[in-house]
Amino acid sequence: MPETGTGTGTGAAAGTDWRAWQRSWDRQQEWYMPDREERFRVMLDMVEATVGRAPRVLDLACGTGSITDRLLRRFPDATSTGVDLDPALLTIARGTFDGDDRVTFVTADLQDPDWTAALPHRTYDAVLTATALHWLRSGPLATLYGQLAGLVRDGGVLMNADRMIDRTTPRINAAERAHRHALMDRARGTGAVDWAEWWALAAQDPVLAEPTARRFEVYGDHADGETPSLQWHAETLLAAGFGEARAVWSSPSDALVLAVK
């Protein structure tokens, strides 16, 4: 069953430097996505443009709370509900936002048909997510988009920044991938930590070891997801009940799709 908790009184271990864990997660993610901050900037620009500077936000598959962190620094009057299933990343998120009553966290499986029942609000101004929904296959993702259409208020928005592959351009895709991996290899020479190494460090931490073990019981090494095209996302969002949907940012491999209810 989904579980709910606020940023206050999480029971996070005293003395743990949660901000340091946040920064290390950011650096690990930036090794894969050097333009990660740019997609966050555009996402928040479009939040302000569409729903204003004090939105009620659902941070979907929130992880350590990267979106929530940037949201609240830019818009101090915003509120955020972070939803995830990963016990280790939620431990970092709850520790980071401990004492901040603008933030609520919910432990829930997005493939559970009843996951929305644990949310503290029935509607949201904006649903934001990044680098997460590729863990779902296209069928469950289409179902999720339909559920989210019911959570976004009229005039509200959903934004998803993720890997979105156009499989009609295989030569372009191969060139982009080769270039990206060459840059990643060079970054490794300067001490960049990859996904597996980051999780190995978490498993050695006295506070994160137990939730990290539980995390791998839930997910294994990696989920068997998909990376459908931008066109698929836009068409699926329109079919789910949104009025408009298109890209508002893109890179050679990723895109940020915005849908307006």
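I start with the chain and end with the helix pair.

This is a predicted model, where local features need pLDDT of at least 70, side-chain atom pairs count only at pLDDT 80 or more, and totals for chains, interfaces and linings use all residues. Residues are numbered from 1 along each chain as its sequence is written, and side-chain values use heavy atoms, with hydrogens and water left out.

The chain has nine helices and eight strands; these are DSSP runs, helices being H or I of at least four residues and strands E of at least two, numbered from the N terminus. Its radius of gyration is 18 Å, close to the 18 Å from the globule rule for 261 residues, so the chain is as compact as a globular protein of that length. That radius is taken over C-alpha atoms, and the rule is 2.2 Å times the number of residues to the power 0.38.

How much of the chain is buried? Buried residues are 48% of the 261, where buried means under 20% relative accessible area with a 1.4 Å probe, protein chains only.

Now the pair. The axes of helix 7 (residues 195–204) and helix 8 (residues 209–219) come within 7 Å and cross at roughly 135°. Axes are lines fitted to C-alpha atoms over the stretch in contact, with angles from 0 to 180 degrees between N-to-C directions. Trp-195, Trp-199, Ala-202 and Ala-203 of helix 7 meet Ala-209, Thr-212, Arg-215 and Phe-216 of helix 8, contact being heavy atoms within 4.5 Å.

Technical notes
Buried means under 20% relative accessible area, exposed over 50%, partly exposed in between (1.4 Å probe, protein chains only).
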